[in-house]
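Thanks, everyone. Let me put the structure up, and then I'll walk through it.

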Amino acid sequence: MTNGSLVAFGRFEWRPAQRQLLADGAPTSLKGRALDVLQVLVTHRDRVVTKSELLDLVWRDTFVEEANLHVQVSALRKVLGPSAIATIPGSGYRFTAAVAGDEALPKQAATFAASVAPADFQPGSVLPQQPLLIGRDDELRALATLLAAERLVTLAGPGGVGKTRLALAAAAQQAALRDAWPDGVWWVDVAAVHDPLQVVPAVAQVLHMPMHAGRGSAGLAEALHGRRLLLVMDNCEHLIDAAAALANALRSAPQVHLLVTSQELLNVPGERLLRLQPLSLPGPGESADERFGAVQLFVERARAVDRGFALDPGSAMAVADICRQLDGLPLAIELAAARVRQLGVQALRQRLGDSLRLLSGGSRTAMPRQRTLRAALEWSHALLVPAEQVVLRRLGVFVGGFTLELAQQVAADKATDDSPGALDDWAVLDALGGLVDRSLVALEAGEKARYRLLETMRLFALEQLAQHGELQCQRERYARAIAAFYASHDDARWGDGEQSAGGDSMPAAIAELDNARAALDWARSAGDHGLTIQLAAFTAAVFHQVGAAAEVVPTLSALRPHLDDAPPAAQVALLLRLGSLGRSIGISADELRRLKHEAVDLARANGMRRRLHSALAALGWSVATDGDPLAARAALAEALALERPHDPPTMRVPRLGLELKLAEQSGDLEATITAAYAAHAAFEQVAGVASAQAASASNLRYFLSAAGRFDESAALARRTLAHAGQRQLALHEILSAVMPLAATGCADEAVAALRAHRQSLRNHPPAVWMQHGIEGLAMLAVVRGRADDALQILAEQQRRCDADGKVLDPITRSLREQVLARCRAAGHDEATPATWRMAAPLRNDQGLLLLGLGDEIEAVTAI
């Protein structure tokens, strides 16, 4: 119950008048500042309390490091339980325990001491010399809009991202707007100020205001009341509390607008954030182009040291790769470009692995911390509290980003470590929030938050790990955490536990593939066969999903002699993945079948129902392909007997694929269509398998077209084409849509689809189209009045098939018959196999395009 100032929650009572926290009626060990923090959090339990507010209200006029706050919060959690106080990364803390009653405790108020007296103020603008701004046009416009509308704007970002340069450009732009700022635009660089008490005097000095003892930010605000000016405070991250206090005080001078540059937010009311990202970059595999800000800056700086430097085909890919390796960070790019005359771009690219040594020698006029990349990183690192420094260096092992859960597994101290200052999951969460606040870790928005270190900071963190003697230990923890993540993903798909949930975990698994690669590399180099088997076996399906199975299949093969070093689930996974993907490294069909038999036997022996089901479906597919339908049906029957009503669609998909294979081989087209519909419906319920879903839809369209059910096939085609704006369609998706559209009188729609996906056509020579529905082009030719051309397309298909010693499958023969029926309806009774074989071979592959598209070829393929 809440009685006066008493607050009850769970088994606890907080009595602020006596400054006592009771647990089950007995006093707890909490004292001093911890109780002050509790008082503030309980009082403001209806909202998040920022760290700045807590420091102001608890420590009042005393300046303390933020680490003191973390210590008190940790002490409270040890007594109250970890869920009583929630950390909101990038914001602060909130009291979340359920309180009986609804009375609010009396609120405390922060006080500010005054320190500057009013004085005669002379309007004007004081700005440093403005350097050239490159690649920031959009950001400059956005900042100008904010400055016109908002009283306080913080320009935040990591060290070296170009905050000062953008702020200078914006200040110079604003200084030209005399009507907007009649009292001027003033620049205050506080980088050299180390005492928080000297922030207000530094501002007053720039504004030419005389100082009086005992007066401060309130006095400065009073002196500026009625003035209309823009004040820019640069490099505030090491004086964040003093800058926040001044910003708060200036609220009483509403016509004074404040622009702050810092690595973190001030966290004061009314603050608007513009977080500055690195410069725009070419995509992976894309060459350099001066449309990208990072490339434009590199070229500009390279030409400054080497007038003969030119961005040409010989250097474009190297420049793009350099900019990507440096994450588009302006300081790093400028320092790298300064080495071009000395090394050339190719050697520069090769040496970037040692970028912290390589990237030095910046402008003599820059601050010392901006003359080398290492100095900039060390400046940022020195501002961190010890726990943040520990977490930052431990996060350096991640490649390409990470989730909060993985960060906690890798950065927290072991559960058995109860030494003072040991980092638990909550402490890691707090530290990660601080690193995000300071722009040292990027928070990537999405359905599930991901974090990422810029590559330069990651290399610095790895150096710190090495210096503290933790590098190998952390890499092993990292590799085991990644292995556990993928083991959990694999178990969610194929395990028998209650947590098994089908394919919803595939997108998350794909997101961690860069970490999978790094963990595999470490496990292989460490000679840990058991760990390597788990990583390779549990990631193989994910690599296959993104078309990168070749990266892991050789490892699977090499690990087979060490199978007993891994848990049974990993053994089954290795045998099954190698049996399914091993053809790519030359493993024979007989050996692939044996691998699947081993997977079946091992899963059966260990009672792994779902893994056995998957292995049986894979084995059944192999024996069906090898011409043994009886053995395939036996595997299918055993798999069906293993299914349960609650099984996820992921489990049914392999079995449905086997049923479809057997129906297709039987030649029963209606049974094949029924099986294809069932398989496609199951795929539609599985997340993260877009390529497999697309293939199942294409197969269904082929089968429907082969049966002459063109209306159904065309409806499916339009559904696929409607997704074209979201992704690049595969060749089979396009060609399987052409026949039903053409056959239902929508030839123009079919041509429009081909035109819209001309890039896919260019990426595959027409010879490849033979395997993906060339009959659609023949149907298009027929319905456009060119039956002779349609027959020659079919003749060319037959000629090439005969030359390769292949036999056309039943579905292909049915598709061809649909085209021939249209030819006969057009008066071509001579459309017989003998006629096809007598047709003259086409001179080149382009002839297929000419025959299928006629006059549309130029519009579609731009050949």
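One term before we start: buried means under 20% relative accessible area, exposed means over 50%, and partly exposed is in between, with a 1.4 Å probe and protein chains only.

Now the ground rules. This is a predicted model, where local features need pLDDT of at least 70, side-chain atom pairs count only at pLDDT 80 or more, and totals for chains, interfaces and linings use all residues. Residues are numbered from 1 along each chain as its sequence is written, and side-chain values use heavy atoms, with hydrogens and water left out.

Overview next. The protein has 42 helices and 16 strands. Of its 863 residues, 53% count as buried. Take contacts, meaning heavy atoms within 4.5 Å. Among those between residues at least 6 apart in sequence, 69% join residues at least 24 apart.

Start with helix 7, residues 217–224. Six of its eight residues are buried, and the helix is mostly covered. Those residues are Ser 217, Gly 219, Leu 220, Ala 221, Ala 223 and Leu 224. Just after helix 7, Gly 226 takes a positive phi of about 90°.

On to helix 23, residues 529–545. Its 17 residues reach 24 Å from first C-alpha to last, close to the 24 Å expected at 1.5 Å a residue. That expected span is 1.5 Å times one less than the number of residues. Where is helix 23 kinked? The kink is centred on Thr 539, at about 40°. The bend at a residue is the angle between axes fitted to the seven residues ending there and the seven starting there. Helix 23 is largely enclosed by the rest of the structure, because 14 of its 17 residues are buried. Just after helix 23, Gly 547 has a positive phi of about 75°.

Now the cores. A nonpolar core is a set of buried Ala, Val, Leu, Ile, Met, Phe, Trp, Tyr and Cys residues joined through side-chain atoms within 4.5 Å. The largest one has 146 residues, and those touching the most other members include Leu 143, Phe 298, Phe 398 and Phe 402. Apart from it lies another core of 48 residues, among them Ala 747 and Val 819. In soluble globular proteins, nonpolar side chains tend to be buried together.

Next, aromatics. Rings of Phe, Tyr and Trp (its six-membered ring) pair if their centres lie within 6.5 Å; planes under 30 degrees apart are stacked, over 60 edge-to-face, and the rest tilted. The structure holds seven such pairs. One is Phe 298 with Phe 309, edge-to-face, 6.1 Å centre to centre and 65° between the planes. Phe 298 lies in helix 9 and Phe 309 in the loop between helix 9 and helix 10, so the pair ties together parts that are eleven residues apart in sequence. Both Phe 298 and Phe 309 are buried. Phe 398, Phe 402, Tyr 451 and Tyr 478 form one aromatic cluster.

Gln 464 sits in helix 19. Buried or exposed? Gln 464 is buried, at 10% relative accessible area. Beyond its neighbours within four places in sequence, Gln 464 contacts His 381 and Arg 393. Arg 784 is in the loop between helix 37 and helix 38. Arg 784 is partly exposed, at 29%.

Notes:
Helices (H or I, at least four residues) and strands (E, at least two) are DSSP runs, numbered from the N terminus.
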